Amino acid sequence: MGKRISRTSPVAQTLLGSLLAGASFSAVAQVQPLPAEALDWQPWGQDDASLQLCRGRYVMPEYRLPAEDNPETLSVETWEVDYAADGEALLRGDVVLRRGNTELQADQVFIPAGRQQVDAEGDLALRDGQALVRGDSATLMLNEDRASLRNSHYVLYEQHLRGQASQLEQTGEAQYRLRNATFTTCDPGVNSWQLVGSDIKLDQAEGFGTARHARLEVKDVPIFYWPWLRFPIDDRRHTGLLSPSISFSTDGFDYAQPFYWNIAPNHDATITPRWMSDRGLLLNGEYRYLLEESQGTIEGAYLDHDSGSNSGDNRFEGEERWYIDAQHEGSITPRSDYQLRYGAASDGRYFDDFGGEFGNNERVSMERLAQVGYRGERWQLDARAQGFQRLEDPLSDSDKPFYRLPSLTANSDWQLANGLYTQWRSNATYFWRDVDERRVPERDAATGSRLHLTPAVGWRYEQPWGFIEPRTELWHTAYELDYGDRVTDRRTSPSRSAAITSIDSGLVFERELDLRGRDYRQTLEPRLNYAYVPRTNQTQLPDFDSRERAFSWDQLWSPYRFSGADRLGDLNRVSLGLQSRLIEDAAGQDRLTVGIGQSVYFSERRIDSDGDPDTLPAYSEDDPNVNPLSRYQATRDRSPLVSRVDWKINDRWSASYEWLYDDQREQTERSSVDARYRHPKGHVVNLGYRWEIEGFDPGVVPGDDGYRNYSREEWDLSFAWKASTRIDLIGRYLHDQTNDRALEQLAGVQWNDCCYGVQLVWREWVDDNDTARVEDDFNDRGLFLRFVFRGLGGVGQQADNYFEQAIPGYRPTPL
């Protein structure tokens, strides 16, 4: 049995820190590979293997020597010790030394008389719980930050990293050098890729490394070379090149190369030149900063000369294209904060042409905002100046949004005794926009101020068996208007006052059910709602921010026919509804909700966007600019019958259904069906159907970009299927049944491996050219490839965010 020796020795912490510092890099050594078990490799068991990307993991074995109470104590165990007269010591035969969390194993260890260093040889292994180093021989300086290890192999357990080096040296405090070194995250024996360097220097204190003559090898084939490379070795940010983005589409070749600039710990910037073979060189940039009580970003892009596109029209050929978006937000006090933002683009199609993943553009406007808010115990205050650039081209003057310069809001609530409550809502806004008042309709020519006051009083009595809530709200709105050079007889100081009265009530009946051995509660919930809004002349009022709402289940119970404050829709109706829920007692969740409701009108709804209480909307045959359903919607004596179903079939399947049916004309106005499948392993399937009659949305009229002169019928199928732990299959097909065309087609595969990932996607979609006409729509398509080396970075356009939006419920495996 080995002889155990314990003593206190000033051994410095050396080698393992250097290995951890090098965790972010690699190089290839001309050293014979070690078997996996020698690298503390532990394969997964049969039950776990199918669920893991890697074939196993690195696990440090138990320490061979117990920990000492004093971490400075050096514990030694060996079979044989030879002492020389001058104090030299030679330890032979399975030598084990431990100090703190660091343990060294070797065949032979020589300690000179001065006790300034340790020389170890033969099957050497050094571990500290985070890393393993193996080598042929090593020299450790006990009182200096210096060490040298030859013919080494290293492993970082948590990061799943390994590599080799012909020589590993510690050259100073937290500074290291590797000769002929490699780095990879692949499993032992599988070098799908590795980074190779002849001379690597690591500075753990600064958090970066440098390498000379570095190359990236895939299956031992060099594919990229860097004469000199600087790279991060921890989570701190460092200046340097980031992974490029490459894509091919009908527009041609697209390459973007980001450069990251770490200005300071709380400031950074990313500069991204982007070369598009059809359009030219676009320069993108983003600057970020974080201060003690505020933060912000400034981003933008500039293209000096647009060379035109290979698809679609080239209306901006030869012009400058650019955008800027600056944001800043912070706190003034614990209850008060502020926001600043300025966004602008050279034209309404900038993001259609240059922005969004896979040609997808989600930006519809660029915001300009200066806002201060206060949240008190009683009052909520808001002051802002706000405007938007609407991203459409062409954009008429009538469609330009108004600026609010400024807008002041003060709201408060008081809860009184026995369910009685009062509310105060108030807003004062000055509206302005830069248009020629003579070239827009007379009502749209006004700019000016609006004061909107809406105090309310109500009482809500609620019990487990039901509720009742009468409520009265006063709307008082006053204007001071300016029509500029427009000659008009309209009043410049119009006002409107009206009271909104409503009574909402409902009952709840319950019964216990036992279905297939499970306990449920079934409810029956009738609801009755009455609302009265007087018909008020609003022809003299401008239309700054109002739009008539489309009918829905929620509109059954709402007295507001319009959004915004400029229009108050006349209403005298009662809504009746019946809802039933099936609640699973054990889980406490709604398994099935079924509802049906309808509104009965006691008078016509004459108020539309013109605000005229005496005139019904024109027939579409007489006025082509009128919504084709507006006349009928104003005169019908009852709303469409609204029914809805939400069904959680089981833990994987769910479905929803909504149907708006006109029982007078015996036709469907709107319907939607959705079926969803969610598997614990990540499988996702979505199937949807949409039908909407032409003119269903009263806020959209012929001429608007959102208007379609046909009844819309669409099918939407999307899926993401994890065929295995390594393979994700994704797809989407959106079909316009009315015009017999595909609006979007997408198919892709993602290969997930332990040390790399590949994403290949093909997509074809319809660009509507910012108009409502089907005739000028055109198809665009592209093939997108992304390749990622785990632990090193990747090449290609990241599409995860787009996939999550296009395929609801899908969570891509991170690359």
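This is a predicted model: local features need pLDDT of at least 70, side-chain atom pairs count only at pLDDT 80 or more; totals for chains, interfaces and linings use all residues.
Me: What makes Cys54 and Cys754 a disulfide?
Reply: Their sulfur atoms are 1.9 Å apart, and the cut-off is within 2.5 Å, so the pair qualifies. The torsion about this S-S bond is 85°, and the link is right-handed. Cys54 lies in the loop between α2 and β3 and Cys754 in the loop between β46 and β47, so the bond ties together parts that are 700 residues apart in sequence.

Me: Why is Cys54 called buried?
Reply: Buried means under 20% relative accessible area; Cys54 has 17%, so the word applies. Cys754 has 9%, so Cys754 is buried by that rule too.

Me: How do you know that Cys186 and Cys755 are joined by a disulfide?
Reply: The S to S distance is 2.0 Å, which is within 2.5 Å, so they count as bonded. The torsion here is about 75°, so this disulfide is right-handed. Both Cys186 and Cys755 are buried.

Me: Why is the ring pair of Tyr479 and Phe544 called tilted?
Reply: Their planes stand at 50°, neither under 30 degrees (stacked) nor over 60 (edge-to-face), so tilted is what remains. The ring centres are 6.2 Å apart, within the 6.5 Å limit, so the two rings do count as a pair.

Me: What makes Arg98 a charge over the ring of Tyr63?
Reply: Arg98 lies over the face of Tyr63 at 3.8 Å from the ring centre, and the distance limit is within 6 Å, so that value passes.

Technical notes. Residues are numbered from 1 along each chain as its sequence is written. Side-chain values use heavy atoms; hydrogens and water are left out. Rings of Phe, Tyr and Trp (its six-membered ring) pair if their centres lie within 6.5 Å; planes under 30 degrees apart count as stacked, over 60 as edge-to-face and the rest as tilted. A charge sits over a ring if NZ of Lys or CZ of Arg is within 6 Å of the ring centre and within 35 degrees of the ring normal. Helices (H or I, at least four residues) and strands (E, at least two) are DSSP runs, numbered from the N terminus. Buried means under 20% relative accessible area, exposed over 50%, partly exposed in between (1.4 Å probe, protein chains only).
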